[in-house]
Amino acid sequence: MTHPEELLAGYVDGSLSGSDRNAVDAHLQTCARCRTEVTAAGAARIALRRLPEPAPPDLAGAVTAELAKARSVSGTPRWYRYAGIAAAAVVAVAIVAALPKVGSGPETEERAAAASNAPAPTVGAADSLSSLTLELQQTDYDTAAVQALAGETARVAGPSEAAGVGAAVPVGTPQQAARARTCVAQAFPDFDGSPIRLISASFEGTPAYLAVVLEGPAPGRPADAVSIWVADHASCQPLSFTTAHI
Amino acid sequence: MDRPDDLLIRRARDGDTAAFGELVQRYQTRIYAVCLRILADPEEARDAAQDAFITAFRKLAQFRGDAAFSTWLHRIAVNACYDELRRAKRRPMLHAIGAADDDPRPEPGPPSRDPADEIAGTVDAVRALASIPEDFRVVLVLADVEDLPYEEIARVLEVPVGTVKSRVHRGRIALGKALSGEPPASSEASEEGR
């Protein structure tokens, strides 16, 4: 069953048009999963709407004082501190971009070969590849690094390139790969894609699984997005999610 | 009396810090609220909001007016919050490097709260929001706290509208689960109960 994923947010907050609303109503009649999701999402929205507006500190006074100080004192203005942070972010992106893309090993090569025969990546293409390798990485990802990985994968835009056979990276057993996929599915109730890459690494210091998935408008159609789902290794709870368009 | 943003922006661009102060006055409530709900800490929110306004002043020459000033300012504020989150994560790591091996790391104190949340009885919702992944939190703050339309959120975050919609939906589900008492999604769980 196709779930009207992009309509459900608007359904919950009432921003949908009448015809879309009717379509979602009809779907909800027959789909228990979406009904449960809509209930949970509605409760979350109500809780957020009830949050009081906090009284801000006097930022106008603080900011103008800071600007005046930066101008009059010959020392380094406060914002220069962030030049270093921005540089660090660039380095992080560069490191991720330079990471070896996938492990070696017969399964991976088979997969890459199979994928390279396909004219273009399509949604669900990875289904035919019965065994999926779990890459064992030492990398500690953060939000920016996951976004960079999604962006990089979207740029190369295909399983064959995305799974490009790079330097030797250790890979896990098929059982470990299966556990990783199950864990990500447990973390995200709507995870039903077939990952083109499964990675065991860490996310902000927490051991984590990363599943890289090609998404598209419908099964068999060319993929138009890359999403990365990050789940806690031990508890199988969601840690992060990001999408990049191809 | 109420001068339009454009006039204040023009003056601020020419170096008029008082005009910029008026712009800050105009937007500080919204920008502070965004930072507070993303960071869940009044002091960090104050720092991030202040950094955002100072960055905005510095970059004002680059603001061409092809997006609304408010959209542009929200983008800078969200980025300042991401910076603050990264800094907050590095702090314990830096402490560990600086400390001797046998020096026990001090327990983190309870997170500080906004007094308004105590009064309104929304502390649980704030805690639940803080427990879900950052990307979900950011998009929910923009959609359900700030009430920005999806198109504007897409411009703030510079991602496609479809991504915003699916992230909002998935984020709400994650928050709904956290509110109903399911274990939080990240290592922040260990902070509670101290």
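Two residues are taken to be in contact when their C-beta atoms, placed from the backbone, lie within 7 Å. On that basis, in this predicted model, 49 residues of chain A are in contact with 55 residues of chain B. On the chain A side, the elements that put in two or more residues are α1 (5-13), α3 (32-49), α4 (59-72), α5 (81-98) and β5 (238-245). Helix α3(A) gives the most, with nine residues. Sorted by class, the side of chain A that touches chain B comes out at 27 nonpolar, 10 polar and 12 charged residues. For the complex, the predictor reports an ipTM of 0.81 and a pTM of 0.57.

As for the folds of the two partners, chain A has nine helices and five strands. Going from the N terminus, its elements run α-α-α-α-α-α-β-α-α-α-β-β-β-β. Buried residues account for 37% of the 246 residues in chain A, while in chain B 46% of the 194 residues count as buried. Looking at contacts between residues at least 6 apart in sequence, 68% of those in chain A join residues at least 24 apart; for chain B the figure is 67%.

Two packed helices are described by the angle between their axes and the distance between the axes. Helix α3(A) packs on α9 (residues 161-179) of chain B at an angle of about 80°, with the axes 7 Å apart. Since angles of 65 to 115 degrees count as roughly perpendicular, that is what α3(A) is to α9(B). The α3(A) residues involved are A:Glu37, A:Ala40, A:Ala41, A:Ala43, A:Ala44, A:Arg45 and A:Ala47. Facing them from α9(B) are B:His169, B:Arg172, B:Ile173, B:Leu175, B:Gly176, B:Lys177 and B:Leu179. Taken together, the residues of this contact between α3(A) and α9(B) split into eight nonpolar, two polar and four charged.

Helix α3(A) also packs against α7 (residues 134-145) of chain B, here at an angle of about 70° and with the axes 9 Å apart. This pair, α3(A) and α7(B), is again roughly perpendicular. The contact is made by A:Arg45, A:Leu48 and A:Arg49 on the α3(A) side and by B:Leu140, B:Asp144 and B:Val145 on the α7(B) side. By class, the α3(A)-α7(B) contact has three nonpolar, no polar and three charged residues. A:Arg45 turns up in both sets, meeting α9(B) as well as α7(B).

Helix α2 (residues 18-30) of chain A is hardly covered, with one buried residue among its 13. Its length checks out: at 1.5 Å a residue, the 13 residues of α2(A) should span 18 Å, and the end C-alpha atoms are 19 Å apart, which agrees.

Most residues other than glycine have a negative phi. A:Glu204, however, has a positive phi, near 50°. This glutamate sits in the loop between β2 (195-203) and β3 (206-215) of chain A. A:Glu204 has 21 C-beta neighbours inside 10 Å and therefore counts as buried, the cut-off being 20 or more. In chain B, the phi of B:Ala40 is near 60°, also a positive value in a residue other than glycine. B:Ala40 belongs to the loop between α2 (17-39) and α3 (42-59) of chain B. With 21 other C-beta atoms within 10 Å, B:Ala40 is buried too.

Finally, a word on confidence in chain B. The average pLDDT of chain B is 83, and 78% of the residues score at least 70. Residues 97-108 of chain B have a pLDDT below 50, and beyond near neighbours in sequence this stretch has five contacts in the model. The pLDDT is also below 50 over residues 185-194 of chain B, a stretch with 20 contacts in the model beyond near neighbours in sequence.

Notes. Residues numbered from 1 in each chain as written. Chains lettered and ligands numbered in written order. Predicted model: local features only at pLDDT ≥ 70, side-chain atom pairs only at ≥ 80, totals over all residues. Helix = DSSP H or I, 4+ residues; strand = E, 2+ residues; numbered from the N terminus. Nonpolar A, V, L, I, M, F, W, Y, C, P; charged D, E, K, R; others polar. Axes fitted to C-alpha atoms, helices over the stretch in contact; angles between N-to-C directions. Parallel < 35°, antiparallel > 145°, perpendicular 65-115°, else oblique. Buried ≥ 20, exposed ≤ 12 C-beta atoms within 10 Å, placed from the backbone. pLDDT = per-residue confidence, 0-100. Expected span 1.5 Å × (residues − 1).
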